[in-house]
Amino acid sequence: MTTHGLNIRQRLKDEDDSDPNIHLIQKPTIKRQNKDEIRIFDGRNTPQNISVYGFLLGMVCSGGIMFAILGNSDMPHFGIFLAALTLFHFLEYIATALFNSDKLSLDSYLINHSLHYHAAHAAALVEFLIEYYFFPSWKKFGWINYAGLVLVVMGQACRTIAMFSARHNFSHHIVDYKENDHVLVQHGIYSIMRHPSYFGFYWWALGVQLLLMNPICFLLFVYWLQKFFSERIEYEEHTLHRFFGQEWLDYKAKTEILEYIIQLACIIDKEKENQFHGWRYPEYNYVELKSLGLCCKQLYVVVAPFLWRHKEFILPREDDEKSSNAMIQMATDILSKKALFQQEHYLGEYVRSLSRDLTNGSHYDLNNSKLMAQLVSRLSALKIDFHPKARTKQYGLSYFIEYCSNLNELYLNNCRDTFDDFKSIYRFNPPLTSLTLIECTIKEETLANIVKQLVCLKSLLIQQVLIEPSIATKSSNTHLLDTTQFIHPFHYQNINSTPIPTTIYESLFIKGNLTNLALTDSISYSLLQLITTWSPRLEKLAIVLHELNPIHVKASIESIQQLSQLTTLSLAFRRYYPLSKEYERLPCHVPSSVWTCFAKELSRLKLLYISTTRLLVNQEFIPTLLMVSNNNNNNNIIIHNLALVTEFEQPINEELNEEEIRMIYLKESESISFDIQDWNRRDHLYTFEQAKELGHQCFDESDQVCFIKGFL
């Protein structure tokens with residue numbers, strides 16, 4: 001709209017000055033377009049052009065499909081080409097309309113992309129027609145056309161998924177300024193590759209040439225596309241770096257193909273997958289790592305970032321001292337070096353998992369803990385093995401908890417809470433998903449506060465952990481007999497340490513969501529039921545049960561049967577004494593039919609270990625166990641002290657009360673046999689002597705009949 005030089009404000013002022021009674025403003029003349037005039041194919045962004053383009057694309061696409069399916073021609077791939085080409089342009093417009101409606105225009109079809117784009121497709125069409133005219137036998141539909149069709153479908157799917165993943169962040173043009181709602185897309189297909197839309201179009205275009213069987217254009221397309229995308233990607237990544245800075249560099253490093261190749265080459269399978277892993281990263285030999293650093297310094301600096309990402313990085317030992325001729329020496333020297341691939345980063349920024357062995361002396365600690373923690377600020381997994389002797393100062397653990405905000409796996413061995421090292425866990429609240437505590441002592445209040453914040457925990461391993469007194473006291477030995485705390489009555493112990501209270505375990509397990517759980521403290525059936533109720537997706541479970549009441553033992557076994565995803569089970573019937581680290585093996589007081597039912601239910605088990613002084617089973621148990629284990633490829637089973645019920649056997653149902661179940665168990669106990677010859681099926685049954693000859697060290701002379709399958 002134009003005003004033909006009319007200044008409305010000045011016109012009003014003049015009229016007021018000349019005659020205050022006149023306030024009429026002349027309406028400016030506006031040139032309007034003739035409503036009956038039709039303008040299409042003029043390149044303007046008008047509704048007429050958009051609708052006509054869409055209509056014609058749909059017609060050509062439909063015609064191509066009909067030509068390929070219904071036509072009697074010997075070149076159906078020409079019809080598929082037309083359909084693929086028009087569908088490509090139509091999907092480009094649809095994606096823009098859905099997520100970038102403010103940028104929607106006629107150019108969103110990408111039909112008017114560039115002169116080079118039109119020339120490329122025109123050359124492909126001309127080559128196809130010429131070769132079909134002179135060499136029709138070359139164009140017969142065959143396996144090459146099918147290969148091209150697969151590439152076309154794959155490329156189109158990849159590009160469309162990329163556009164739908166990026167949503168409003170996707171643009172057909174590289175922008176030179178960052179909008180407020182522009183974010184770096186790292187999910188979906190962008191978690192696998194940085195430029196999936198370019199990847200999709202690249203293979204779509206080459207697939208089209210294979211579909212048309214155009215050898216000349218195929219080679220030309222390879223050259224053109226390589227040149228075009230190499231320049232475009234370089235400029236785009238420069239722009240993204242300018243927009244997002246460190247976030248872009250982190251994302252770029254995650255998608256490096258070189259990292260994946262090195263990762264595959266460095267995989268070390270420490271243990272079988274059905275074992276418990278407190279620390280699941282490969283262990284690199286220190287001597288080899290140091291030798292690589294000293295002999296091939298440049299190579300070491302080049303590949304170190306990739307070797308350390310999500311793998312164990314072993315720091316130099318206590319006896320390493322700086323020398324004038326060593327380029328790579330102490331831990332902080334290594335971590336503070338610049339990375340050759342990305343000069344903006346220190347090598348420490350690439351470290352994702354870090355392991356430190358401090359068991360060689362109680363006097364030595366991480367002297368540069370604070371500096372080291374700052375250098376590995378992106379750490380996600382930390383393992384520290386301390387010396388078991390008491391410390392005279394803090395460990396420096398708090399520095400890693402404070403500076404490594406992404407820490408989600410923590411493994412501590414022989415860590416004491418004398419100087420409140422554990423308090424940093426709930427003060428800074430790292431997003432822990434895995435926690436392993438072995439031979440540690442921790443204050444009760446601190447542990448209770450940590451438990452309150454473990455909302456993301458998936459894996460928990462607690463082995464011989466005690467509660468440390470809030471106020472440090474001198475150790476004193478006394479003869480104890482406290483059955484409520486399961487203190488062993490035959491040993492002299494320090495009375496200041498106590499087992500973890502059941503209330504803390506209850507608070508921990510009620511949060512649920514655990515997939516791996518291993519405890520050495522013996523628990524009751526009520527706590528086991530709490531675990532199975534709140535963590536129904538448990539995959540690995542290792543527990544010690546101290547129940548003797550038959551109905552409670554029955555309830556415990558039935559609660560384990562409810563874990564439909566359980567693949568690894570270690571169940572020990574013992575009374576564990578935490579202070580002395582001694583245990584007393586117990587019999588399994590439950591009727592034989594309960595174990596037969598148990599063998600039928602857990603069809604997903606890959607590993608089963610049961611330790612007890614007596615386990616009552618019937619003749620049906622072994623065939624059932626073997627049938628289920630063979631069906632699910634369970635090749636690792638150990639069961640201690642099987643006792644065969646030879647005469648009395650009564651099925652268990654829900655209507656039986658506690659006394660009736662107890663009487664059934666006692667009745668069966670009167671007719672048990674430990675003679676392997678009494679079994680109808682003796683597969684994998686061994687005496688103690690036979691098991692010892694096989695090399696199994698987990699049995700003693702009290703084991704009369706054992707079931708052993710695998711574990712060799």
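Strand β4 (residues 409–413) and strand β5 (residues 434–438) run parallel and are joined by five bridges. Two strands count as paired if DSSP finds at least two bridges between them. Helices (H or I, at least four residues) and strands (E, at least two) are DSSP runs, numbered from the N terminus. This is a predicted model, in which local features need pLDDT of at least 70 and side-chain atom pairs count only at pLDDT 80 or more, while totals for chains, interfaces and linings use all residues. Residues are numbered from 1 along each chain as its sequence is written, and side-chain values use heavy atoms, with hydrogens and water left out.

The bridge partner of E409 in β5 is S434. Five of the five residues of β5 are buried, where buried means under 20% relative accessible area, exposed over 50% and partly exposed in between (1.4 Å probe, protein chains only). On one side of β5 these are S434, T436 and I438, and on the other L435 and L437.

In helix α16 (residues 444–453), the buried residues include T446, L447 and I450. Their cover includes α15 (423–428), β6 (441–443), β8 (466–468) and α17 (502–509).

**The β17-β19-β20 sheet**

Three strands in the order β17-β19-β20 form an open sheet with mixed pairing. Its edge strands, β17 (615–617) and β20 (672–673), each pair on one side only. β17 runs parallel to β19 (residues 642–645), with three bridges between them; L616 stands opposite A643 in β19. Axes are lines fitted to C-alpha atoms, for helices over the stretch in contact, and angles run from 0 to 180 degrees between N-to-C directions.

| Helix | Strands touched | Angle to β17 |
|---|---|---|
| α20 (residues 592–601) | β17 and β19 | about 80° |

**The α5/α6 pair**

Helix α5 (residues 143–166) packs against helix α6 (residues 196–212) at an angle of about 160°, the axes being 7 Å apart. The two are therefore roughly antiparallel; angles under 35 degrees count as roughly parallel, over 145 as roughly antiparallel, 65 to 115 as roughly perpendicular and the rest as oblique. Residues in this contact include L149, V152 and R159 of α5 and F199, W203 and L210 of α6. By class, the contact has 16 nonpolar, seven polar and one charged residues. Here Ala, Val, Leu, Ile, Met, Phe, Trp, Tyr, Cys and Pro count as nonpolar, Asp, Glu, Lys and Arg as charged, and the others, Gly among them, as polar.

Technical notes
Contact = heavy atoms within 4.5 Å.
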